[in-house]
Amino acid sequence: MRSLWKGAISFGLVNIPISLYAATERKDTKFTYLHEACMTPVKYVKFCPNCNREVPMEEIVRGYAYDRGQFVVMREEDFDALPLPTTRSIEIIDFVSLAEIDPIYFDKTYFLEPTQGGLKAYALLRRAMADSGRIALAKVAIRAKESLAAVRVYDGQALAMETMFYPDEIRSYAGLAGVIAPEPRVAEQELAMAGMLIANLSTPFEPGKYQSDYRHALRELIRARIEGEEVVRPALPEPEKVADLMEALRASLAMVERQATDGPVQLQ
């Protein structure tokens, strides 16, 4: 893996030199846009209408539009010179319980690797956090943006860091009429039936059992096209129509019980 950032974890007066690596990757099937008339890949160019020419990357700078047609130019050295400790370190602020953080705050996950001179301090922080059952809230600046971050023990061996959204970056659901509408009356029998359905579908989390059926089907279609095979599209089953909520709950519960007897539930 290629390191994306080098710095240190600042923990009180302790500094732990680390390298940062992306912990996740997208497995989406990638496509190239083609011109249908000749099947040539379409080029995306950065074009300056004033100079009437394509602009190479080395001639491009970032500008903040403070008024119509008025920009403050920012160069890489300007970002590097910001008077913030987080441009070179992950500054731990607090230790909190992970259960107190709603998942909506989490953005992207990174692995933290100790570099030369940081092995012992890294192990100390990892073990102390594991013993306390707490995670660290920190601030870090990566790629011209300072983020809130959560540093935690991952798989008992590594420290992982999730960048987080700030509270003012979380959108409100106040404008969603269906959410803020007066709550309809729910019968106790309906609630009990829903509880039974949840109980029957409850299971320990086993990440290996989940996969992208869509990605598999898409790749099979592409493979068939490459090999010149005829593609057979199975008819999609029509969803069963139910008269009311209670009937839907009963039908769902019966289906889950049948699948528990016949085999595991196939998740779509």
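Modeller: Ground rule before we start: buried means under 20% relative accessible area, exposed means over 50%, and partly exposed is in between (1.4 Å probe, protein chains only). This is a predicted model, where local features need pLDDT of at least 70, side-chain atom pairs count only at pLDDT 80 or more, and totals for chains, interfaces and linings use all residues. Residues are numbered from 1 along each chain as its sequence is written, and side-chain values use heavy atoms, with hydrogens and water left out.

Colleague: OK. Which residues of α4 are buried?

Modeller: E190, M193 and L197. They sit on the same side of α4, because they cover an arc of only 65° around the axis (the arc of the directions from the helix axis to the C-beta atoms). E188, L191 and I198 are exposed on the other side.

Colleague: And how far does α4 reach, first C-alpha to last?

Modeller: It runs over residues 188-201, 14 residues, and reaches 20 Å, close to the 20 Å expected at 1.5 Å a residue. The expected span is 1.5 Å times one less than the number of residues. Helices (H or I, at least four residues) and strands (E, at least two) are DSSP runs, numbered from the N terminus.

Colleague: What about α2, which residues are buried there?

Modeller: A121, Y122, L125, R126 and M129. Their arc is only 135° around the axis, which puts them on the same side of α2. Turned away from that buried side, the face carries exposed L119, K120, L124, R127 and D131. Just after α2, G133 takes a positive phi of about 70°.

Colleague: Switching topic: which residues make the nonpolar surface patch?

Modeller: Y173, L176, V179 and I180, about 430 Å². Patch residues have over 30% relative accessible area and no salt bridge; like charges are joined within 9 Å, nonpolar side chains (Val, Leu, Ile, Met, Phe, Trp, Tyr) within 5 Å. A salt bridge is a side-chain nitrogen of Lys or Arg within 4 Å of a carboxyl oxygen of Asp or Glu. Areas come from Shrake-Rupley with a 1.4 Å probe, and for residues only the protein chains shown count as cover.

Colleague: Is Y173 buried or exposed?

Modeller: Exposed, at 55% relative accessible area. Y173 lies in the loop between β13 (158-164) and α3 (177-180).

Colleague: And the whole thing: how many helices and strands?

Modeller: The protein has 6 helices and 13 strands. Its radius of gyration is 26 Å, well over the 18 Å the globule rule gives for 268 residues, so it is more spread out than a compact globule. That radius is taken over C-alpha atoms, and the rule is 2.2 Å times the number of residues to the power 0.38. Buried residues make up 21% of the 268.
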